[in-house]
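Hello,

Here is the structure I promised to pass on. My notes follow below it.

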Amino acid sequence: MKHRLQVLAIATLALLTLATSSRGDIGMLDPAAKPGTKLGPGYQIAMSVSVAGVDERELCGQFPLDKEGRLEFTLGLKPMEKLPLKGLTAEEARQRILKSIKEYFAIPPEVKVGIAQIPRFQVFINGAVFRSGIITLPDGARLSDLLVETGYFPSADLRAVLIRRQDGRGSSSIVRADFARVLAASSASDDRFNDPPLENGDSILVSLATAPPVPQTVMVLGEVTKPGAIPYKKGMVIKDALDSAILSPAADRDQLILRRPKDNSYTNINLTRALKGEPTDNLKLNPDDVLFVMRKDSGLRYAVMGAVPSPQTFEFKKPVTLSQAIMDAGGLKPNADRGRVVISRNALSDPTKSQPITIDFGKISRGEMPDPPLQAGDVVQIPEHRKQNNGLLDIGLMLIRFLLF
């Protein structure tokens, strides 16, 4: 009876041992390891090999790679030939290990491999980054990995990241990376020029972006076919600017206004002499100067006077009707007499030959009569209800005021 209990105890202990050893667990892995991380010298791999759910203890645990990136292990307590794993991912290493050991087992073993520890190195970074100073990175880290660790200012100049590298002989070299091009890439790419692998002791500088220089210009406005800004060139004169802008047919060849914002001054220029290159008028320009080409006075005008908010004289640039002229003057006042609107033909061009025409503007507003067009030299007189003066007297008074003022 006692012997049977001893056998049962031994069997139970053996089962518990098998249960606890058949975990197939490779333990904690390096958080910096990625599926594409390549193994190299100094790496430690976590490996678990099991057969039929039972761990092979010799092949379970952490194993360092030697200085050539080779795995050294034993099988059946017998040293095996070192297995080269340098440059392989964890999955590729698993397949190579399985291939090298499966012939020693009657049942194909289950192999698990992970990267337990990646060697670290240090670099120094400063400039337009949120975290500067010494940064520790895993082997194989690139500029992109470093900038993920440190972050960078929105104003950082990523087009010219400088990497100073020592060559081991006391001299250094500069690597210039355009990391902005990496960020602009539509898909992931292995750009080893602009996202280079970093090395221990590298010093990285991320500068602030400088604002691009504002181009210097001269503004040409008014009666030109190409108004707007013209690039300023050293020694530019008025004629150079006007040749680029091209004058319109309506340009006043006798008058040009030059404004200099630097001292807020205005200068009247004779445009004809400037275009001939005469130094008195063809002045040298400065950046930001403004040239305003005036419109040639045609001498053709019409006027709207009387019971309107803005009585004034207008230049006759295009055909205009009586209604349009009254609207341009602000419309009719409440006390305007709509029934006795007077159009005096030629009152501005030759008052001695003025011909008054009385119109009922109310009928025009109601669509009962056509809206008459004005002619150059016309004066529109809008009388007020309260006044009973003779219409011709009103026009005479208006003309005196117009000619005097």
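Predicted model: local features only at pLDDT ≥ 70, side-chain atom pairs only at ≥ 80, totals over all residues.

The lining of the largest pocket divides into 10 nonpolar, 5 polar and 10 charged residues. Here Ala, Val, Leu, Ile, Met, Phe, Trp, Tyr, Cys and Pro count as nonpolar, Asp, Glu, Lys and Arg as charged, and the others, Gly among them, as polar. A pocket is an open set of 1 Å grid points, over the protein atoms alone, where a 1.4 Å probe fits, with protein on both sides within 12 Å along at least five of seven lines; lining residues have an atom within 4 Å of a point.

Residues are numbered from 1 along each chain as its sequence is written, and side-chain values use heavy atoms, without hydrogens and water.

Back to the pocket. Its 25 lining residues include D139, G140, A141, R142 and D145, which lie nearest its centre. Helix 3 (143-150) is one of the elements that give two or more residues to the lining. The largest share, 4 residues, comes from helix 3.

Now confidence. The chain's mean pLDDT is 85, and 88% of its residues reach 70 or more. Over residues 1-23 the pLDDT is below 50. Residues 400-405 are also below 50.

Finally, L71. Leaving out residues up to four places away in sequence, L71 touches (heavy atoms within 4.5 Å) I45, M47, F63, L65, E81, K82, L83, L85 and I97.

Best wishes

Note on methods:
pLDDT = per-residue confidence, 0-100.
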